[in-house]
Amino acid sequence: MKLAILSRKETLYSTRRLKEAAEARGHEAVVIDHLKCDIMIEQNALAMYHMGEKLEGFDAVVPRIGASVTFYGTAVLRQFEMMDVFSANSSIAITRSRDKLRSLQMLAASGLGMPKTAFTNYSKEEKQIIQNMGGAPLIIKLLEGTQGLGVVLAETIKAAKSVIEAFHGLKARIIVQEFIKEAKASDIRAFVVNGEVVGAMKRTGKEGEFRSNLHRGGTAELIKLKRSEKAAAVKAADAMGLKIAGVDMLQSDRGPLILEVNSSPGLEGIEQATGNDIAGKIIEYVEQNYLNKRGRKKNA
Ligand SMILES: Nc1ncnc2c1ncn2[C@@H]1O[C@H](COP(=O)(O)OP(=O)(O)OP(=O)(O)O)[C@@H](O)[C@H]1O
Ligand SMILES: [Mg+2]
Ligand SMILES: [Mg+2]
């Protein structure tokens with residue numbers, strides 16, 4: 001098969017690993033920078049150019065779209081989909097997953113556990129929100145934060161009030177969330193491929209830090225998931241319509257609580273922590289499904 005890996009840079013770990021894994025299985029893999037693609041649209045004719053060269057003959061695409069370029073990245077991916085190229089994750093599912101609020105609404109509707117969450121639209125009623133949440137401590141999060149930046153722990157009602165005020169003053173959209181103390185500054189990342197957990201790690205924040213993000217100095221270790229945690233991860237990916245997903249959850253007294261579902265999860269941390277060939281699993285999944293699609297077309 002001829003595979004496109006949508007990625008800003010060939011040298012990124014995940015990109016490199018996907019290319020290697022595809023080539024090891026005898027496929028042609030081309031890294032395409034979505035920001036360097038031009039999309040051409042006219043009646044019955046959809047085409048795409050990458051740095052001036054027409055893109056042709058692709059069977060499948062694995063998208064690796066960063067949070068800061070979701071709009072253009074998903075537009076390029078949609079064009080591939082319209083050109084009948086099989087995508088490992090659909091553009092619509094990626095768009096959905098990029099909105100934390102929308103994601104939490106969908107996950108809650110699917111019956112998954114999550115920290116109790118409130119969204120407020122610049123309301124002046126900080127006190128009311130804090131009261132509705134049952135008082136401090138509270139987590140306050142920027143809706144479009146990433147890598148742990150924009151996540152604040154307010155330990156008192158006073159602190160919560162001033163943090164919410166400050167974010168609202170900046171016109172920043174935030175969610176207010178119950179603080180899950182039992183998680184003890186750790187979270188779990190479960191990597192799901194096609195409805196199966198292919199690797200899981202536990203991340204723990206450095207001394208004195210409640211955030212477990214590796215970007216904030218956290219460390220990762222291999223973890224064997226409980227059955228309920230595996231089931232929650234698979235269900236969360238499914239609820240979002242993602243075939244490849246990094247599901248983040250907290251361990252709590254009432255079972256696993258989903259924090260978010262990532263649609264372009266990195267491979268480096270999880271491959272290192274687990275020793276599993278996750279890139280290979282992704283390519284295997286694409287292989288099987290691109291073939292199914294081709295089979296369906298032949299039989300049609
Ligand atoms: N409600 C909560 N209770 C306890 N700890 C939390 C809670 N929410 C977040 N944390 C901690 O803070 C970390 C960062 O939060 P979160 O994952 O929501 O934001 P982010 O990392 O900035 O977003 P992204 O993962 O998209 O980059 C989590 O990994 C977890 O360790
Ligand atoms: Mg996170
Ligand atoms: Mg994320």
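**Ile188**

I began with Ile188, which lies in strand β12 (helices, H or I with at least four residues, and strands, E with at least two, are DSSP runs numbered from the N terminus). The model is predicted: local features need pLDDT of at least 70, side-chain atom pairs count only at pLDDT 80 or more, and totals for chains, interfaces and linings use all residues. Residues are numbered from 1 along each chain as its sequence is written, while chains are lettered from A and ligands numbered from 1 in the order in which they are written.

Is Ile188 buried or exposed? I found Ile188 buried, because 23 other C-beta atoms lie within 10 Å. The cut-offs are 20 or more such atoms within 10 Å for buried, 12 or fewer for exposed, and partly exposed in between, with C-beta atoms placed from the backbone.

I then listed its contacts (C-beta atoms, placed from the backbone, within 7 Å). Leaving aside neighbours within four places in sequence, Ile188 touches Ala200, Lys202, Ile223, Glu229, Met249 and Gln251. I also checked Leu222, 34 residues away along the chain: its C-alpha atom is 9.8 Å from that of Ile188.

Most residues other than glycine have a negative phi, and most peptide bonds are trans.

- Lys184 is not a glycine, yet its phi is positive, about 50°. It sits in the loop between β11 and β12 (186–193). I class Lys184 as partly exposed, because it has 13 other C-beta atoms within 10 Å.
- Asn194 also has a positive phi of about 50° without being a glycine. Its loop runs between β12 and β13 (196–204). Asn194 is partly exposed, because 17 other C-beta atoms lie within 10 Å.
- The peptide bond between Ala136 and Pro137 is cis, with omega about -5°. Pro137 is in the loop between α5 (126–132) and β9.

**Ligand 1**

Which residues are closest to ligand 1? I read off Pro115, Thr146, Ile180, Arg211 and Ser212, from a shell of 23 residues (near means a C-beta atom, placed from the backbone, within 6 Å). By class the shell holds 9 nonpolar, 8 polar and 6 charged residues. Nonpolar covers Ala, Val, Leu, Ile, Met, Phe, Trp, Tyr, Cys and Pro; charged covers Asp, Glu, Lys and Arg; the others, Gly among them, are polar.

Strands β9 (138–142), β11 (174–178), β15 (244–252) and β16 (255–262) each give at least two residues to the shell. Domain 2 and domain 3 each give at least three.

**Domains**

I took the bounds from an automatic or database domain assignment. They are domain 1 (2–95), domain 2 (117–179) and domain 3 (182–265). The centres of domains 2 and 3, over C-alpha atoms, are 23 Å apart.

**Whole chain**

I counted 9 helices and 16 strands in the protein chain. Its C-alpha trace spans about 60 × 45 × 35 Å along the principal axes. Buried residues are 38% of the 300. Of contacts with a separation of 6 or more, 65% link residues 24 or more positions apart.

Notes:
Two residues are in contact if their C-beta atoms, placed from the backbone, lie within 7 Å.
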